[in-house]
Every structure is written in structure tokens, then in C-alpha cells.
Amino acid sequence: MSTPRDAVVLTNLPRFLKHLGHHERDPIASAFAMLLLDEGGEVVEFWGPEQMDVWRLTIRRGRHLLTFGVERGKSDFVTLRPADEDRQWPRDIPLQFAVFGWARAHSIDLILDDPLHFPADILAHGTLALDWLGAGNEDVLLRINAAYDEGLGRSAAAQG
């Protein structure tokens with residue numbers, strides 16, 4: 001029996017989740033992916049492993065697509081983007097930024113000193129942040145992302 005060309009083959013999904021969950025990669029991202037799947041999230045893209053230990057998993061939850069990945073043995077940040085192709089963002093945005101926005105909207109102190117090492121608990125707060133975004137708060141997330149991008153530009157110019 002042949003597989004339709006666009007069908008997502010999930011044979012290696014358990015292997016990927018175990019690989020991602022290794023303590024040197026990202027056990028929290030792995031557990032969050034499993035949580036999304038357990039709650040009915042839909043796998044819309046999955047492939048790997050490819051050369052250089054490259055994997056990609058994209059799960060649809062509500063109005064958003066969340067992407068999990070590994071490249072060269074290191075976990076990528078969990079990122080999100082709109083599921084609707086008519087709503088485009090400048091780029092995929094780290095899920096931690098959504099957790100930060102959700103926390104601030106709910107008067108929960110989270111300090112965003114270093115976005116690349118921001119200790120947002122996506123397992124505890126990721127679905128709450130996604131629900132918050134789905135309730136019409138994407139503009140806040142886009143402002144956080146723009147502030148981060150602006151900070152990167154200033155940082156690069158200072159090093160220049």
C-alpha cells in the first residue's frame with residue numbers, strides 16, 4: 001500500500017520525542033510536545049532524522065502551529081506561528097515570548113533578561129499562553145518580538 005505524497009508518516013515520532021527528551025537536548029520541549037498531542041494536537045509536519053541529526057515536528061493547536069526541532073544534536077527553541085496562512089508574522093516566534101506576555105498580562109513576575117536563556121516554564125504555562133494568544137492577544141506577542149529584534153539590532157551595532 002502506498003502512502004499519499006502529502007501524508008505525514010509518524011513511524012519515527014516516538015524515537016524523535018525520546019531523542020528530543022534526552023537531558024542534553026530538551027526534555028521540557030519533548031514533554032510539552034507530548035502534552036499537546038495528548039490534548040488532541042494535530043501533527044501537520046514531521047520528518048527526520050536527516051543528515052546532521054536534523055528533525056522537525058510541527059503540531060497544530062487551535063490557531064497556531066508549534067514547531068519542535070533538533071539540529072546537529074541540539075534542540076531548537078519551540079516556536080509558534082499562525083496556522084492560517086492569511087495571517088503572517090515576520091518570523092516564527094519563540095514560545096517563551098508568549099509565556100512572558102501571558103505572565104505579564106496576569107501579573108506574574110517573569111524577568112526577560114536574556115531571551116535565549118529565558119526560564120519560562122512552557123510545560124506549566126505553555127497551553128495557558130496559547131489560550132491567551134487565541135483569545136486575541138497576538139499583538140502583544142508581536143510587540144515583544146519586535147522589542148527583542150530591536151534589541152538584537154542595537155546589540156549588533158554596538159559590536160560592529
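Me: Over which residues does pLDDT stay under 50?

Reply: pLDDT is the predictor's confidence in each residue, from 0 to 100. In this predicted model, local features need pLDDT of at least 70, side-chain atom pairs count only at pLDDT 80 or more, and totals for chains, interfaces and linings use all residues. Residues are numbered from 1 along each chain as its sequence is written, and side-chain values use heavy atoms, with hydrogens and water left out. Here pLDDT stays under 50 over residues 1-5, for which the model has one contact (heavy atoms within 4.5 Å) beyond four places in sequence. The protein chain averages 88, and 88% of the residues score at least 70.

Me: Which residues have the most contacts inside the largest nonpolar core?

Reply: A nonpolar core is a set of buried (under 20% relative accessible area, 1.4 Å probe, protein chains only) Ala, Val, Leu, Ile, Met, Phe, Trp, Tyr and Cys residues joined through side-chain atoms within 4.5 Å. The largest one has 37 residues, and Phe16, Leu57, Leu66, Phe68, Leu80 and Leu95 have the most contacts inside it.

Me: What does Leu95 touch?

Reply: Leaving aside residues up to four places away in sequence, Leu95 touches Phe32, Leu66, Val78, Thr79, Leu80, Ile122 and Leu130.

Me: Is Ala98 buried or exposed?

Reply: Ala98 is buried, because its relative accessible area is 0%. Ala98 and Leu142 are 44 residues apart in sequence, and 9.2 Å apart in space, C-alpha to C-alpha.

Key: Buried < 20%, exposed > 50% of the residue type's maximum accessible area, 1.4 Å probe, protein only.
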